[in-house]
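Please look through the notes below with the model open beside you. They are numbered so that each can be checked in turn.

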Amino acid sequence: MKQTVIFLTSLLTACFAHAAVEGPLTPEQAIASFRLDPGLKIECVASEPMVVSPVAVAWDEKGRMYVVEDRGYPVGPGKGKKPAGQVVLLESTKNDGHYDKRTVFVDGLTFPNGVMCWKGGVFVTCAPYLYYFKDTDGDGVADVKQIVFKGFQDLSTTQLRVSHPILNVDNWIYLTSGLTSAKVSSPIYTNHPVVFCNRTDFRFKPDIDEFEPTAGTAQFGATFDSFGHKFICSNRNHNQVVMMQLKYLNRNHEAALSDIVEDIPDHGAACKLYPLSVNITTAASHTGFFTSACGIMYYRGTALPEEYRDNSFTCEPAGNLVHRDVICPTNSSFVAKRAQDGVDFLVSPDSWCRPVNLATGPDGALYVCDMYRKTIEHPDYLPEATRKITDFESGKDKGRIYRITSAKFSTKPKKFDLSKVSSKDLCKELNNPDVWWRTTAQRLLLERQDKSVASALRKLVKHGKIPETRVLALRLLDSFGVLQNEQILAGLADNNSGVRENAIQVAELRLSNSPKLAERLVAMANDSNPRVRFQCALTLGELKDAKVIPALANITEQNTNDRWTREAVLTAVEHHADELLRTLLAGRKDSEGMSTMLVELCRILGNSQTPEKLASLLSEVTASNSDNDAAWQVAAITGIADGARSRGLVTTNHSALMSLVAGDSATIQQTRNRINDLLKRSTVTVKDSKEPLSRRLVAVGLLAQADFSIAGATLQSLIDPQQPSEIQVAAVRGLGQMSDAAAGTALVQKGRFGAYTPPVRDAVLSAIMSQPRLIQTLLSAIEAGDVPATAVNEDRRNQLMRNKDEAIQERATALFKDMKAGDRMKIYEEYKSVLTLKPNSKNGHAIFTKTCTSCHVVSGEGNTVGPDLTGIRNQPGEVLLLHIIIPEYEIMPIYTSYNIETKDGRGLTGLLAAETPSSITLRQALGHEEVIPRSSIATMAASSLSLMPTELEKTMSKQDMADLIGFLKGM
């Protein structure tokens, strides 16, 4: 029976027409219950028993649908039982778009979750393997079963696994990491070394010995636009873009670049949603906001109206809906805008509806995989008490696949078999406006490696009907090894920016052997499109030649306020940072972005140049006494000094900066005088509360490079409750990096430590722990009773008792060995009485601002370090109190805190914000990020403790606690 509902009523009427229901519903009832945009229709093309627990689909060149069934989710069938996962082949024997024939293609899989067609078979992700299955005798059952890659992590929960095999326009097949690390090898290509993926995604070229880590850390969701830009998602991040490949990030080790992924929604990474169901998820989840984002898909089909094209869609199974964003370019990146206010794209009032993945079919329609389960949460992420009463079994015999199209769209598909189409005719399909046909033609041409179509492809590079065609033709010629510079030059001159960007990437490996291409690429620094200029900067770095510096400076000056353009240029300068600095200073374009660029560029120089060279650079930078040059001088000096400090270019009596300008020559004296003048200006700026916060923070940055005798008193004065938290914490960090032990004493002096707010107290301890020379000061303060020993949490106590300095180790052991964690549950029980107090929400807001905003956000206020608390008002007061009193009671994996000890004795703690092959980035309070080179790490371990401070109740009265909870609940 054809199950179709066309929604043509007004949006407002539709929103109020659907009351929340508790499943299970029949497929017919489910269809009738959906809220969908007006003018669209939804059909159920397969349901139980035809399909069960569908999590991924793919269509082969004959139009048959392969469906991955993760029947064993969440924990499998139990010991001694055969794994339940399957891949099934569905066919529409009536050719009406509804699937009525089912063949089990493969069974006995643990937790399969991804599928992609290749050479008459399919690649299937099922950790720890990527399999290849193929039917060679025509019975619809796979008789070829091959492990292509192994080593993907399978020790985490089934939500954290390799998935989503996707062929991109560059002819690589990409897989997600599942937020895990992997050691990948191939039983087929045994001579290839093991590939280590440190929380990075993975890619390979099919049928050849080429595979590697790739940028991005996706969970269960990845997609590409028509020009190869990669978009990913994870639980609380529903739409992210991967900005550059790892090779660019890794080539300049002096550049402190920590991340290559950006959250692009203008309405928040874990944005507000508009469910119709009554699902209340776990205590750590956030009802009404993204908590299980997955299955992101960039729609490029033709069955939906034009305004849906190039939109992204993300599933939210915990909220029983699919969210839609409109993707727009912005500078070198993108912005995702909510498609409609107050509603989501596809919403079910049925709490059993669990959309988990999306796909575009041969008909151009949007397909939705609905696992259809009573419970979608994994038991490992539920509190133990909740876990015991939760039904994880109901719905394991169900599943639906829906198709969404325009209400006017004809759903009768045409019969086809592209396996019988000639390579020449496949080239024509590259002009198809529908992505499935273009991508399938691309795949089949790649499989055949038929170089006889080179002439046809060359024509398409110049005369393809749509830009997507020209990109695919260019890329296929490259993969076939028959690409000529003529086609690259044509691509570089194309009127579409996406084509030009791809042509730059293709040209990259030829630049050293083709002066003409190199010359053309340098000229593209003036391209009208910022994304093209961004790629141009990345690619110019591969030339490793000073002749590209003017072009890089040009690119920088056109987009100084674009973070990614600055980072692209910084990856490209390598050994020519000083030449880029001189070129930028010659232009002297003042802006906040240029100041940031100068700090980072000069930090590279401070990290890499000799003291003599740095002193000379400081003289060049300070040659002008003009007030107009003060801003960029402060930025450049701060960067040079900070880089030098990080290398240890300090003396007993002086900071790195003052050590570099210590001397009696006339040039050095002139430099020192100008620096002292700028320090005086900065002192005035930081004390002026009317100055913009950004300018005050820049001024603090320079003061932090001075000697304690010059700037210590000023920085101490800023650690005051009347100052913004950002200023206080910046001042703390500034004092913490000073070489004079008096700076540490100032931070822990009697009477001062007890007055710190929790964020400032944590910043003080972090600053001291990160500087071995200050640790003795902390221990002395604890021994004297100026700092309570309980202020040092268990992780920090253990770090101190294991410190490689025997003197520190001995003193710390004497102080902390008998300390035991208090019974926090007992304290929780004692504090339950606050829930009977009448809350004052206004005071609760003040407590939240003072105590919590350094790490949490409510309605856009605060800093995103820990969970966004905007949607937590639905949780009971007892639950909120429990997590305040016992932060470790439940920690979601993405909020795991890590302790790092460096080879020089520093101790650092924070959330793992980013990883690259060369560095680790820890995120701390107020969003401060510390980039640590892997080469300097002695040990790194996950902590069982939360980054959230313990004993927060000691910083407030019981009425304050009641007020805080009242504010969080919106009372």
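1. The side chain of Asp642 makes a polar contact with the side chain of Arg645, at 2.9 Å. A polar contact here is a pair of N or O atoms within 3.5 Å; within protein, one must be able to donate a hydrogen and the other to accept it, and residues adjacent in sequence count only if both atoms are side-chain atoms. Asp642 lies in helix 18, residues 630-646. Helices are DSSP runs of H or I with at least four residues, strands are runs of E with at least two, and both are numbered from the N terminus.

2. The model is predicted: local features need pLDDT of at least 70, side-chain atom pairs count only at pLDDT 80 or more, and totals for chains, interfaces and linings use all residues. Residues are numbered from 1 along each chain as its sequence is written, and side-chain values use heavy atoms, with hydrogens and water left out.

3. Is Asp642 buried or exposed? Asp642 has a relative accessible area of 12%, so it is buried (buried is under 20%, exposed over 50%, partly exposed in between, with a 1.4 Å probe and protein chains only). Not counting residues up to four places away in sequence, Asp642 touches Arg603, Gln705 and Gln737; contact means heavy atoms within 4.5 Å.

4. Glu316 belongs to strand 23, residues 311-316. Because its relative accessibility is 1%, Glu316 counts as buried. Its side chain reaches the backbone nitrogen of Thr291 at 3.3 Å. Beyond its neighbours within four places in sequence, the contacts of Glu316 include Leu273, Phe290, Leu321 and Pro355.

5. Helix 9 (residues 485-492) and helix 11 (residues 515-523) pack at about 5°, and their axes are 11 Å apart. Axes are lines fitted to C-alpha atoms, for helices over the stretch in contact, and angles run from 0 to 180 degrees between N-to-C directions. The two helices are therefore roughly parallel (under 35 degrees; over 145 is roughly antiparallel, 65 to 115 roughly perpendicular and the rest oblique). On the helix 9 side the contact involves Asn485, Ile488, Leu489 and Leu492, which meet Lys516, Leu517 and Arg520 of helix 11.

6. How many disulfides does a search of the whole structure find? The search finds zero, where a disulfide is a pair of cysteine sulfur atoms within 2.5 Å. Cys427 is buried at 3% relative accessible area, and Cys536 is buried at 0%.
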